[in-house]
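Please keep the sequence and the three-dimensional view at hand while reading.

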Amino acid sequence: MPVLLAGIRDEVVDRLWEPPGPHWPDRPGVIGGRDLRAGGTWLAVDPRTSRVACVLNGHGRPAPEGVRVSRGVLPLNAAADGKPGDIDPERLDPFHLLCAEPTEVRLWSWNGDELTERSLAPGLHLIVNSGLKGGDDLADLGPGGEHMSARLAHFRPRLAAVPRPVAGDGPTAEAWGEWLPLIDGDGLDRADPRALVVRREIGDGRVYGTTSTSLVALSGEGLRFDFSAEPGRRDAWYRVR
């Protein structure tokens, strides 16, 4: 399994969605959780090509209201075809789109003015709303930067220090080893500035928090996809594929 991905979805908790499945008849074989507001997804896999794609909100100039389309189409396109598709980025709010297959990992970033593409070298990479961050590069994290900086500073060395998961055919805990308790939050309170699994009051009775977590492993022979709709609860994990 040369590529391992952990995906953390933070969202307003009352935004409705469906768990991973083959929800899109026009993209046979693609599996992902479906956002019921816009119809897209935050993370999708295509077992036929051993490919995974996920999208994060970015920082920058938002798209005009009259032409805006959902960023949730990007993982569907990338999982199926290995690229973002033919959507005019001017119609999209800022984003970071990661597309991984066993031999290559690429990251597209759009800030409202410029679309960039880069390939990621072998190693441990962490991607947050301000983009790709690693090592001691914790400056200029933009809005929410204090939380992102604390999160990166805590979890990057923790992930680097534990054994790399084997991600074989066993139960989730066996397959993902010492990564699993880290992705489940590492025991931190959800209000902790370092927290990976979060929950925050954002006013008017609304709550922002971690609504799901995903673990995906890729090889030339296939992929493994584990999912939890109750982040932080060890027995909530199950294998999708």
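Arg 190 is partly exposed, since its relative accessible area is 33% (buried means under 20%, exposed over 50%, and partly exposed in between, with a 1.4 Å probe and protein chains only). The model is predicted, so local features need pLDDT of at least 70 and side-chain atom pairs count only at pLDDT 80 or more, whereas totals for chains, interfaces and linings use all residues. Residues are numbered from 1 along each chain as its sequence is written, and side-chain values use heavy atoms, with hydrogens and water left out.

**Surroundings of Arg 190**

- Arg 190 is placed in the loop between α4 (179–183) and β11 (199–203); helices (H or I, at least four residues) and strands (E, at least two) are DSSP runs numbered from the N terminus.
- Leaving aside residues up to four places away in sequence, Arg 190 touches Ala 195, Val 197, Val 198, Arg 199, Thr 210, Pro 231 and Gly 232 (contact means heavy atoms within 4.5 Å).
- The C-alpha atoms of Arg 190 and Val 69 are separated by 32 Å, and the two residues are 121 residues apart along the chain.

**The sheet**

- An open sheet is formed by 7 strands in the order β2-β3-β4-β5-β6-β7-β8, with antiparallel pairing (two strands pair if DSSP finds at least two bridges between them).
- β2 (17–21) and β8 (115–119) stand at the edges with a single partner strand each, so one side of each has no neighbour in the sheet.
- Strands β4 (residues 43–46) and β5 (residues 51–57) run antiparallel and are joined by 4 bridges; Val 45 has Val 52 in β5 as its bridge partner.
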